Amino acid sequence: MFAEPWQAQAFALAVKLSEAGYFTWKEWAAALAAELKAAADRGEPDDGSRYYEHWLAALERLVTAKGLSDAAALAERKEAWADAYRHTPHGKPVELRRR
Amino acid sequence: MDRRGFIRHAAAGAAGFAAASGTEAHMAGHGDRGHEHQHDNAHQAVPSDLNLRVKALESLLVEKGVVDRAALDTIVDLYETKIGPRNGARVVARAWVNPAYRRRLLTNATAAIAELGYEGGQGEDMVVLENTPRVHNLVVCTLCSCYPWPILGLPPVWYKSAPYRSRAVIDPRGVLREFGLEIADEVEVRVWDSTAELRYLVLPERPPGTEHMTEEELAALVTRDSMIGVAKVTARPNAPFVQQRLAR
């Protein structure tokens, strides 16, 4: 089902946010369907291989739409993680550096 | 640095290296070419954009108290034990009933596993380690959590934990004891360190009293833990929920 760990994490996030009532599963399905349709409209093959990419895009969209975060914060945090990987010696756990 | 040298170095850096007496740690090391991700020797490679986006989301939402990390782990764990190890179990069962397949599996695991339709996710090679009355194999990834996803699903949370990753090397018998598995002194314990290029699958011993069973029935007995090497396969599995799912 999951080809890589990030897919499972994205999956678990969607399940938990919905369970906690931040959005309904119906809203979730609609958001995911919109991403899948947009991909199809762009002419991407619909073989399921990029399913979780669309899942993640839907998750980001809903999280920002519900005011749980915003695009700028997500982008900043993503860069912080990339930076943490670049500066963590091999074999050590990667942790965000506190500002 | 040779393979054993590398693991010695890695283990020493993490927790100090002391081989348990009577234990030979066979290590195929993490090479210095791409591990889970491409990286140089000094620092870790930056994961894929998708990976970073998920990490950003998760860490922000956990920080805000919107979601609980342990609850997320629970979901992942559920899915990995429900969905994960069926493919590997089928490989093991086939090897138990078909000697020719078993030979192919032990000499060229990647090809033998592909015969059943399971392909490597990131182009890594599979190696199958056969447990015998004299040798018990244990798989770990000391540096991160390399794992044969296509045949075992997602790694269990403990497999990714720092204590398992360091202690499996330093005190494998002690770790196995904590899993409820006592390995007799005369049995050699071999510890194998996974890499991006090499992923290991343990071929557990076929339990006695299963001679009458079909391949499918046998596959239902094979647990994820037995294919990592922290458990043996028993004729009466003690995890009926997982086993029933495997049998379907």
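Contact here means heavy atoms within 4.5 Å. The model is predicted. By that cut-off, Ile113(B) touches Val91(B), Tyr101(B), Leu105(B), Tyr118(B), Met126(B), Val128(B) and Ile151(B), leaving aside residues up to four places away in sequence.

Ile113(B) belongs to the largest nonpolar core, which has 50 residues. Along with Leu105(B), Tyr164(B) and Leu201(B), Ile113(B) touches the most other members. Helix α4(B) gives the most to this core: six residues. A second, separate core has 32 residues, including Ala10(A), Leu56(A), Leu59(A) and Leu50(B).

| Helix pair | Axis angle | Axis distance |
|---|---|---|
| α4(B) (residues 86-97) and α5(B) (residues 99-107) | roughly 125° | within 5 Å |
| α4(A) (residues 71-86) and α2(B) (residues 49-63) | about 110° | 8 Å |

Take the pair in chain B. The axes of α4(B) and α5(B) cross at roughly 125°, and the two helices are therefore oblique to each other. The crossing is left-handed. On α4(B), the contact uses Val91(B), Arg94(B), Ala95(B) and Val97(B); α5(B) supplies Pro99(B), Tyr101(B), Arg102(B) and Leu105(B). Six of these residues are nonpolar, two are charged and none is polar.

Now the pair between chains. With an angle of about 110°, α4(A) is roughly perpendicular to α2(B). This crossing is right-handed. Contact residues of α4(A) include Leu74(A), Trp81(A) and Tyr85(A), while those of α2(B) include Leu52(B), Arg53(B) and Glu63(B). The contact of α4(A) with α2(B) comprises nine nonpolar, one polar and six charged residues.

Technical notes. Residues are numbered from 1 along each chain as its sequence is written. Chains are lettered from A and ligands numbered from 1 in the order in which they are written. This is a predicted model: local features need pLDDT of at least 70, side-chain atom pairs count only at pLDDT 80 or more; totals for chains, interfaces and linings use all residues. Side-chain values use heavy atoms; hydrogens and water are left out. Axes are lines fitted to C-alpha atoms, for helices over the stretch in contact, and angles run from 0 to 180 degrees between N-to-C directions. Helices (H or I, at least four residues) and strands (E, at least two) are DSSP runs, numbered from the N terminus. Angles under 35 degrees count as roughly parallel, over 145 as roughly antiparallel, 65 to 115 as roughly perpendicular and the rest as oblique. A crossing is left-handed if the near helix is turned anticlockwise from the far one by less than a right angle, and right-handed if clockwise. Ala, Val, Leu, Ile, Met, Phe, Trp, Tyr, Cys and Pro count as nonpolar, Asp, Glu, Lys and Arg as charged, and the others, Gly among them, as polar. A nonpolar core is a set of buried Ala, Val, Leu, Ile, Met, Phe, Trp, Tyr and Cys residues joined through side-chain atoms within 4.5 Å. Buried means under 20% relative accessible area, exposed over 50%, partly exposed in between (1.4 Å probe, protein chains only).
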